[in-house]
Amino acid sequence: MPESSAVPAARPTPADPAELSAEDAKLVVLARGARGRVGAVEGAAVRDQDGRTYAAASVALPSLTLTALQLAVASAVAAGASRLEAAVVVTEASTLDGAGHAAVRDLAADAPIHVAAPDGTVLGTVVE
């Protein structure tokens with residue numbers, strides 16, 4: 001997917017994993033499920049200001065490409081969310097994609113973004 005000027009080119013590298021709360025651990029399960037259901041490259045889940053959760057998988061169509069995190073954020077916004085409390089991406093990559101990071105930061109400057117391996121092991125947490 002081509003990078004636009006609105007999407008940071010940098011790929012944030014997760015810092016040491018944060019201790020997950022029970023609610024954040026639930027996001028890992030939801031993201032793994034979204035990824036596994038369709039055999040996607042990535043799965044993601046977010047929790048909004050009211051505790052509602054949204055899970056999504058990456059989309060790669062000839063006319064539309066979205067990261068799992070972009071789609072999870074878009075689903076939350078479409079349902080009326082105005083702030084995110086936390087996010088999780090399940091991926092084989094060791095860094096967080098810039099587009100997904102930017103989507104989360106549009107709604108929350110300080111929400112932790114946990115990056116997990118396909119087996120659910122949390123690899124790190126992006127907090128900036």
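A salt bridge here is a side-chain nitrogen of Lys or Arg within 4 Å of a carboxyl oxygen of Asp or Glu. Keep that in mind for Arg 105, which is buried yet has no salt bridge. This is a predicted model, where local features need pLDDT of at least 70, side-chain atom pairs count only at pLDDT 80 or more, and totals for chains, interfaces and linings use all residues. Residues are numbered from 1 along each chain as its sequence is written, and side-chain values use heavy atoms, with hydrogens and water left out.

**Arg 105**

- You'll find Arg 105 in helix α3, residues 98–107; helices (H or I, at least four residues) and strands (E, at least two) are DSSP runs, numbered from the N terminus.
- Buried means under 20% relative accessible area, with exposed over 50% and partly exposed in between (1.4 Å probe, protein chains only).
- For charge, Lys and Arg count as positive and Asp and Glu as negative, while His and the chain ends are not counted; the nearest side chain of opposite charge to Arg 105 is Asp 110, 6.1 Å away.
- What the Arg 105 side chain does reach is the backbone oxygen of Ala 111, at 2.9 Å.
- Leaving aside residues up to four places away in sequence, Arg 105 touches Asp 110, Ala 111, Ile 113, Val 126, Val 127 and Glu 128 (contact means heavy atoms within 4.5 Å).

**Helix α3**

- Nine of the ten residues of α3 are buried, so the rest of the structure largely encloses it.
- Among what covers those buried residues are α2, β5, β6 and β7.

- Five strands make an open sheet with mixed pairing, in the order β2-β1-β5-β6-β7 (two strands pair if DSSP finds at least two bridges between them).
- The edge strands are β2 (53–57) and β7 (122–126), each pairing on one side only.
- Strands β1 (residues 43–48) and β5 (residues 84–90) pair in the antiparallel sense over six bridges, and Ala 45 stands opposite Val 88 in β5.

**Strands β6 and β7**

- β6 and β7 run antiparallel and are joined by four bridges, with His 114 opposite Thr 125 in β7.
- Their hairpin has five residues between the strands, and Gly 120 there takes a positive phi near 95 degrees.
- Four of the five residues of β7 are buried, so this strand is largely enclosed by the rest of the structure.

Note on methods: A polar contact is a pair of N or O atoms within 3.5 Å; within protein, one must be able to donate a hydrogen and the other to accept it, and residues adjacent in sequence count only if both atoms are side-chain atoms.
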